[in-house]
Amino acid sequence: DGCGHTVLGPESGTLASINYPQTSPNSTVCEWEIRVKPGQRVQLKFGDFDIDDSDSCHSSYLRVHNGIGPTRTEIGKFCGFGFQMDGLITSKSNEVTVQFMSGTHTSGRGFLAAYSTTDKSDLITCLDNASHFSEPEFNKYCPAGCVIPFADISGTIPHGYRDSSSLCMAGVHAGVVSNTLGGQIDVVISKGIPYYEGSLANNVTSKVGPLSTSLFTFKTSGCYGTLGMESGVIPDSQITASSVLEWSDQTGQVNVWKPENARLKRVGPPWAAFVSDEHQWLQIDLNKEKRITGIITTGSTLAEYYYYVSAYRILYSDDAQKWTVYREPGMDKDKIFQGNTELYQDVRNNFIPPIIARFFRINPLKWHQKIAMKVELLGCQFSIGRAPKITMPPPPQNKNDDKNDDFSDDFIHSVKTSLQTDKTTFTPEIKNTTVTPSVTKDVALTAVLVPVLVMVFTTLILILVCAWHWRNRKKKTEGTYDLPYWDRAGWWKGMKQFLPTKSAEHEETPVRYSSSEIGHLRPREVPTMLQTESAEYAQPLVGGIVGTLHQRSTFKPEEGKEASYADLDPYNSPVQEVYHAYAEPLPITGPEYATPIIMDMSSHPSTPLGVPSISTFKAAGNQAPSLVGTYNKLLSRTDSASSAQVLYDTPKGQPGPGAADELVYQVPQSVAHSAGSKDE
């Protein structure tokens with residue numbers, strides 16, 4: 001007489017002392033015999049332990065044995081107030097005996113424990129809540145029997161449950177585990193909300209709860225969508241019933257509560273049976289097999305008609321001929337589902353495991369005043385290998401069943417006035433996005449092709465980017481008035497603008513051109529040839545011996561006649577004024593300022609031998625270099641805005657236009673060189 005709350009499932013269960021969590025009565029005893037499948041072992045975990053130990057476990061204690069019967073052996077004997085049992089008690093076989101003895105005592109709650117097979121390493125008890133765990137996500141195993149009257153939960157799905165709620169009891173309410181079987185739960189912790197709703201589901205009542213710092217929800221398979229009663233996806237013709245309530249009101253209007261009225265949240269009257277007995281049913285044809293995971297029911301929803309169904313059975317079939325009553329695995333009795341407790345509230349019940357069927361039938365067993373209800377089915381499309389069905393013999397029927405069936409058929413035939421619709425409604429495909437797809441050979445092929453395609457596209461993008469970058473760089477290299485690189489003298493010479501510039505020390509070698517080569521050049525080609533060998537400074541364009549040269553500019557004037565090169569050979573024609581063409585823009589890799597040409601005057605007839613060449617650059621310290629001997633005439637050029645003079649040396653060789661076969665032009669000398677060394 002000392003046994004309290006007890007649920008012994010095939011793989012797990014819960015047991016408690018009598019009157020727990022209040023003080024257990026004196027002189028009581030209880031013994032539990034636990035069996036699991038052969039080859040497995042049992043593990044026991046205590047959620048609470050509070051047994052009087054005033055007589056050193058002599059009259060009040062809890063004893064655990066290996067085995068059952070006279071051959072059992074003791075594992076341990078326990079007592080104490082607030083005793084903390086670290087770890088699990090594990091048996092050596094698949095059978096365990098738990099014995100509770102309560103002697104004379106004045107206090108002590110007794111105990112609550114859970115058991116499971118040893119393969120459930122993450123076993124918890126019905127008293128554990130979310131605040132006992134610090135992880136934001138965790139996976140635990142709930143034992144069977146956690147719907148206990150002394151535990152509370154607040155909240156509902158999908159909003160979540162208050163953190164003070166029992167994890168396993170909330171799991172039963174949410175429909176993720178069965179109270180008679182237990183099961184695994186995947187918990188996610190998140191920030192709390194100000195208000196938690198209450199609801200009735202799976203025979204568990206959730207209470208309204210206040211604000212909390214955190215809440216928890218459960219990860220599920222996702223197969224909890226509505227199947228079409230409320231939305232109208234299921235047409236009226238696929239909703240039938242054993243009988244239909246019809247009557248005339250005081251005004252003489254005929255009221256018919258037809259099966260198609262049994263749609264959840266549909267405004268108006270529900271479906272109601274003409275006769276209220278245990279042989280009535282409401283049937284729904286889903287048009288093809290679906291995975292049905294739950295049902296939601298409500299009463300008449302009409303205040304003047306306080307009708308509702310408080311308990312019912314579920315039957316299912318593939319052909320509407322052979323029906324199977326829903327039972328939980330391992331149970332030899334039909335599952336009785338708790339219905340409504342009033343006419344408005346929605347009540348949810350889940351099927352664990354789910355039902356796989358096309359035809360679904362509700363058989364009311366208890367009701368208030370009359371059988372009346374509205375329903376919605378939960379589930380998803382069935383596309384995975386079919387689970388084995390639990391085939392049970394049809395329930396026994398009494399003698400009056402045939403008469404009642406005949407009466408119901410005749411009555412429906414006479415009073416049924418279902419509305420025939422002209423539109424055609426198709427059942428949508430409701431897919432379960434959380435079901436693992438079938439693995440085929442295409443997966444391996446995809447795993448190879450996808451990385452290859454990604455690499456190919458990445459390579460193409462890089463090539464396009466590099467080409468675009470090179471094109472922009474080429475455009476920047478070519479000036480506004482410069483010739484394209486393919487129009488220059490030779491491909492290799494055009495490509496030299498992209499190569500590193502030679503150092504200044506390698507460019508002091510004089511540049512020599514034969515007079516015959518220069519004579520055959522067109523005026524336009526002279527600057528091009530002068531720039532063939534890239535120097536550190538661009539050489540100015542020399543159009544011949546002129547009396548007056550205008551200041552050169554790299555920009556085209558806005559008005560006036562465009563300047564051009566002289567038509568005559570600048571080295572063979574008499575002295576004359578030749579207006580310059582526009583100077584070519586400096587190469588992008590060259591210096592900012594152009595360098596005048598320095599000519600060796602040592603061999604000029606009018607100059608004595610040994611006279612150094614004249615430099616157009618000033619020496620260090622802003623002192624002009626010393627000049628010895630006869631100086632050539634300075635050529636000056638004037639501009640409207642400037643009167644500065646520029647000095648140029650005359651080419652060495654024979655005087656006059658008839659130059660020697662070879663003209664020597666010397667690269668500008670550095671300041672230090674011109675000041676302290678002589679030309680060789």
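Modeller: Cys126 and Cys146 are joined by a disulfide, with an S to S distance of 2.0 Å; a disulfide here is a pair of cysteine sulfur atoms within 2.5 Å. This is a predicted model, in which local features need pLDDT of at least 70 and side-chain atom pairs count only at pLDDT 80 or more, while totals for chains, interfaces and linings use all residues. Residues are numbered from 1 along each chain as its sequence is written, and side-chain values use heavy atoms, with hydrogens and water left out.

Biologist: Is the disulfide of Cys126 and Cys146 left-handed or right-handed?

Modeller: The sulfur atoms of Cys126 and Cys146 are 2.0 Å apart. The torsion about their S-S bond is about -85 degrees, so the disulfide is left-handed.

Biologist: How many residues apart are Cys126 and Cys146?

Modeller: Strands are DSSP runs of E, at least two residues, numbered from the N terminus. The disulfide of Cys126 and Cys146 has Cys126 in the loop between strand E9 (110–117) and strand E10 (137–142), and Cys146 in the loop between E10 and strand E11 (155–156). The pair links distant parts of the chain, and the separation is 20 residues.

Biologist: Where does Cys380 lie, and how many residues apart in sequence are the parts it ties together with Cys223?

Modeller: Cys223 and Cys380 form a disulfide with sulfur atoms 1.9 Å apart. Cys223 is in the loop between strand E16 (214–218) and strand E17 (225–226), and Cys380 is in strand E27, so the parts tied together are separated in sequence by 157 residues.

Biologist: Is Cys3 buried, partly exposed or exposed?

Modeller: Buried means under 20% relative accessible area, exposed over 50%, and partly exposed in between (1.4 Å probe, protein chains only). Cys30, the disulfide partner of Cys3, is buried at 3%. Cys3 has 39% relative accessibility, so Cys3 is partly exposed.

Biologist: Which backbone oxygen does the side chain of Thr28 reach?

Modeller: Thr28 is in strand E3 (residues 28–35). Its relative accessibility is 5%, so Thr28 counts as buried. At 3.4 Å, the side chain of Thr28 reaches the backbone oxygen of Pro25.

Biologist: How many residues are in the largest nonpolar core?

Modeller: A nonpolar core is a set of buried Ala, Val, Leu, Ile, Met, Phe, Trp, Tyr and Cys residues joined through side-chain atoms within 4.5 Å. In the largest one, the residues with the most contacts inside it are Ile314, Phe351, Ile355, Phe360 and Ile362. Elements giving two or more residues to this core include strand E22 (282–298) and strand E26 (347–368). The number of residues in the largest nonpolar core is 28.

Terms used:
Helix = DSSP H or I, 4+ residues; strand = E, 2+ residues; numbered from the N terminus. Polar contact = N/O pair within 3.5 Å; in protein donor to acceptor, adjacent residues only side chain to side chain.
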